[in-house]
Amino acid sequence: MSPPLLGVGEEGPPNNISLLASSSSIDSVCQNNPELKERNYMGLSDCSSEDSSVVTNVSNENKTSLNLKATELRLGLPGSQSPERNPDICLLSSAKLDEKPLFPLHPTNDSHYQLQKNNKRVFSDAMDGFSEGKYLSNSELLSPRPAPNLGLKSGSVLENLGAQPAKTKEPATQKATQERPHAANETRSNQNGSANNTSSAPATKAQVVGWPPIRSFRKNSLATTSKNNDEVDGKAAPGALFVKVSMDGAPYLRKVDLKNYSKYQELSSALEKMFSCFTIGQYGSHGGLGREILSESKLKDLLHGSEFVLTYEDKDGDWMLVGDVPWEMFIDTCKRMRIMKSSDAIGLAPRAMEKCKNRN
Amino acid sequence: MLKRMSYSSFPEDVLEHVFSFVQSDKDRNAISLVCKSWFEIERWCRRRIFVGNCYAVSPRMVIRRFPDVRSVELKGKPHFADFNLVPEGWGGHVYPWIYAMATGYPCLEEIRLKRMVVTDETLELIAKSFKNFKVLVLSSCEGFSTHGLAAIAANCRNLRELDLRESEVEDLSGNWLSHFPDTCTSLVALNIACVGSEVSFSALERLVGRSPCLRTLRLNRAVPLDKLANLLRRAPQLTELGTGAYSSDLRPEALSNLAGAFSGCKELKGMSGFWDVVPAYLPAIYPVCSGLTSLNLSYASIQSPDLIKLVSQCQNLQRLWVLDYIEDSGLEALAASCKDLQELRVFPSEPFGVEPNVSLTEQGLVCVSEGCPKLESVLYFCRRFSNDALVTIARNRPNMTRFRLCIIEPRTPDYLTHQPLDTGFGAIVENCKYLRRLSLSGLLTDLVFEYIGTYAKKLEMLSVAFAGESDLGLHHVLSGCEGLRKLEIRDCPFGDKALLANAAKLETMRSLWMSSCLVSLEACKLLGQKMPRLNVEVIDERGPLDSRPKSFPVEKLYIYRSVAGPRFDMPGFVWNMDEDSALRLS
């Protein structure tokens, strides 16, 4: 079995970071137990101290068989130049005089890594060397700025790959939406605004999934509390409103945050994108769709054509067709949603009409 | 002539008796490594197992090694599932475990699950398979309904604990509580705080009335305040109480009635609940305040003056969870009154507001760190912080073991100097040598990770978001933090290099989560293929993986060590990167 060394250069020690990484962590474990050697008799490791002994054995074996060709996959980005400058080797080799090692290969002493000024210089030099054109310039794209932004999204990264590091851009929400079909569910401008942002002020705060890190239980509790308090004022309660969405025939359900949308159209397209992977499966992944992502329009046809309708369960426990009531009322009353086959949904329409009549 | 003691002739039952005094898993594991006979003896007498990642080992392997277990604790989804970062359907199904244990551990008494998917079918299987079943704790679980609970209530004759901490329960009927037979009198703990709908109150009253051993009772929001007094009178022996909604029409006799009921609870140590608080009713709990060691007011929208009045009476308080309504002034009062305080959690009342709605700043936490010498566990949400404050806190509290700071706006710098908060967090890890858990926030460069890698040697769990500048950051952590078990990262510019260079480290950890970072699919495949004892799972909801270049970053990555190989229950948007899976992808 090839050793757990990835992207290793041809030179001998001390250029094997992964080995060092493992041995430095193992050494400290071993240091604590100079007398005892851990042995794993039964060959069954459990998630505990036994593992470190196993890893030690592996790394000890591998110290002797170090001479790996640098045939490992290059991880340079498409479009990156200079094949002789293999970043993996450059990373690890201290023999190449003009290259500085990116990472310190040995701590200057056993116990503590010295945070001396000269070491820091090594890092920044190496960083500059790397940002010249090899990789996404992390420092440029994500330079620390006090202004809030949306945070790193893969969508924006996709836009910039292969190019020289351009001026930092805000990851455009629209682009992100195109690249990531579920971005609508995740990142968007908070069109309802927060509770404090009632005027038409330009500062709409984009909500990032899972941030701040508060559990759903707590968020929902807070939302209900403030809704109770705000009912008089008629303000929308802040926070998320996750409801489950199931689809007939799909093996698992999804959750959407209803607060992310301000009208049915947005919800509908988000759901279409979200459940497209299931529809692909039914459509037949071996056909023409095999290699391409199902286009939005094709999916819409599939959903709107005849097969499925979107329904929801309201607070009374009744199943209704989505779209009958004003959006605000819908959010208020929707407990969960179900994408069901049109054939199953036939009985719903009359009930919905009746209910509306009773309400009015 | 000296007779040498031969360990193999030491009577087995004596050894077993000695081992029975050893409870900690780590010590038990150490025992099992001494020699073959100790391994054998130990495995037959281990009664409790903890599996931190349900996919790290298979139930069959566990049952084979430990044939007579009475208590099982399992954890499923990664921690970031709490914040909706793990898509529905990801996994964490407990049914295969229960199915295996139904035959493997017929004497099983306790099941504790965290972040797992538990179905009604599973609950029914538990109810009928384990004759002596006593304890069911479902923490942050989901997938079951009140029907499943009814099965547990009806069939587990010796049930002692039913604790549904913050799980998601589908409410199909409030009657499930009535399924506890009249003969069930063994209940010690009942926590139904997360159940949304009303439960049958008369059933609840009768149940409480016939459970003389009941020590913990956590009601749900639907239980009105005017019913609380009656319940308390039936259970004056309670040590932990979670109220329901703490609001009612103001009637003076109701208040005195409630206060009287509370006075009868002389052993009350912990309180929680307090939804929808009407402050006028708070004085009802004054009689028990001086005995309280734990107070969870994190759902209570009480303003600072009322909070101050309350906590000033709780001189023995060790743990306080509260909303940021407490403000700096309230925390000052806390620091003055509660010298035994060990744990403080301050949650945001308006986490999505753009402007601060309360006057809670770094000063509050600094105050508490000065005034409370035993403070060791902190979770603090606020909107601004400074390096100075962090350094002060670090110097005040070198005994800190858990420090989680969440500055609500990502990448917020030091509000005084506009610098990154590297120095501040650096001081935390340098001074707090026993720090086990750390969550970072604010503007942070690679430097903070250098500090962490250098100083945080006892760190076991690190949470990182919107921080760092390059792979160096990740490398510092992976190469420096020797005790690291769980690392979770989101929205950081960490890519392939550090991950691959520290591949071996990953086998010494329970798990690594990276989402919205810069790890390429290629690197994931490489890692998965080279490291057979790691499950490298890519979570990507954008469609088939081969529709994009291999150098493109994956959405989410979850890597965990496992001796069970790739799991069988991965949904369509999760791919395992090992050799066989790689064939499927191409």
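1. Glu507 of chain B, E507(B), counts as buried at 9% relative accessibility, where buried means under 20% relative accessible area, exposed over 50%, and partly exposed in between (1.4 Å probe, protein chains only). The side chains of E507(B) and R533(B) meet in a salt bridge, at 3.0 Å from N to O; the term denotes a side-chain nitrogen of Lys or Arg within 4 Å of a carboxyl oxygen of Asp or Glu. R533(B) lies in the loop between α21 (521–530) and β21 (534–539) of chain B and E507(B) in the loop between α20 (503–506) and β20 (511–515), so the pair ties together parts that are 26 residues apart in sequence. R533(B) is partly exposed, with a relative accessible area of 29%.

2. On the basis of the note: this is a predicted model, in which local features need pLDDT of at least 70 and side-chain atom pairs count only at pLDDT 80 or more, while totals for chains, interfaces and linings use all residues. Residues are numbered from 1 along each chain as its sequence is written, chains are lettered from A and ligands numbered from 1 in the order in which they are written, and side-chain values use heavy atoms, with hydrogens and water left out.

3. Chain A contains 14 helices and 7 strands; helices (H or I, at least four residues) and strands (E, at least two) are DSSP runs, numbered from the N terminus. Of the 360 residues in chain A, 44% are buried. Among contacts in chain A between residues at least 6 apart in sequence, 56% join residues at least 24 apart, a contact being heavy atoms within 4.5 Å. Chain A exposes about 18,800 Å², of which carbon and sulfur atoms supply 52%; accessible areas come from the Shrake-Rupley method with a 1.4 Å probe, and for residues only the protein chains shown count as cover.

4. Over all chains, the count comes to 35 salt bridges. In one of them, E142(B) pairs with K77(B), the closest N and O atoms being 2.5 Å apart. This pair links distant parts of the chain, 65 residues apart: E142(B) is in the loop between β4 (135–139) and β5 (144–145) of chain B, and K77(B) in the loop between β2 (71–75) and α5 (95–104) of chain B. Both E142(B) and K77(B) are buried.

5. A further salt bridge joins the side chains of E362(B) and R384(B), at 2.8 Å from N to O. Here too distant parts of the chain are linked, with E362(B) in helix α14 of chain B and R384(B) in the loop between β15 (377–382) and α15 (387–396) of chain B, 22 residues apart. E362(B) is buried at a relative accessible area of 1%, whereas R384(B) is partly exposed at 30%. Separately, R215(A), D82(B), R115(B) and E166(B) are linked in a network of salt bridges.

6. The largest nonpolar core has 208 residues, and those with the most contacts inside it are Y246(B), F262(B), L320(B), F403(B) and I452(B). A nonpolar core is a set of buried Ala, Val, Leu, Ile, Met, Phe, Trp, Tyr and Cys residues joined through side-chain atoms within 4.5 Å.

7. L365(B) lies in helix α14 (residues 362–371) of chain B and is buried, with a relative accessible area of 1%. Leaving aside neighbours within four places in sequence, the contacts of L365(B) include L331(B), L344(B), V378(B) and F403(B). With the same exclusion of residues up to four places away, F403(B) touches, among others, L365(B), V378(B), F425(B) and R437(B).

8. The structure holds 0 disulfides over all chains, a disulfide being a pair of cysteine sulfur atoms within 2.5 Å. C35(B) is in no disulfide, and the nearest cysteine sulfur, that of C45(B), is 13 Å away. C35(B) is partly exposed, with a relative accessible area of 23%, while C45(B) counts as buried at 6%.

9. I308(B) lies in helix α12 (residues 304–311) of chain B and is partly exposed, with a relative accessible area of 24%. Not counting residues up to four places away in sequence, I308(B) touches S329(B), G330(B) and A333(B).
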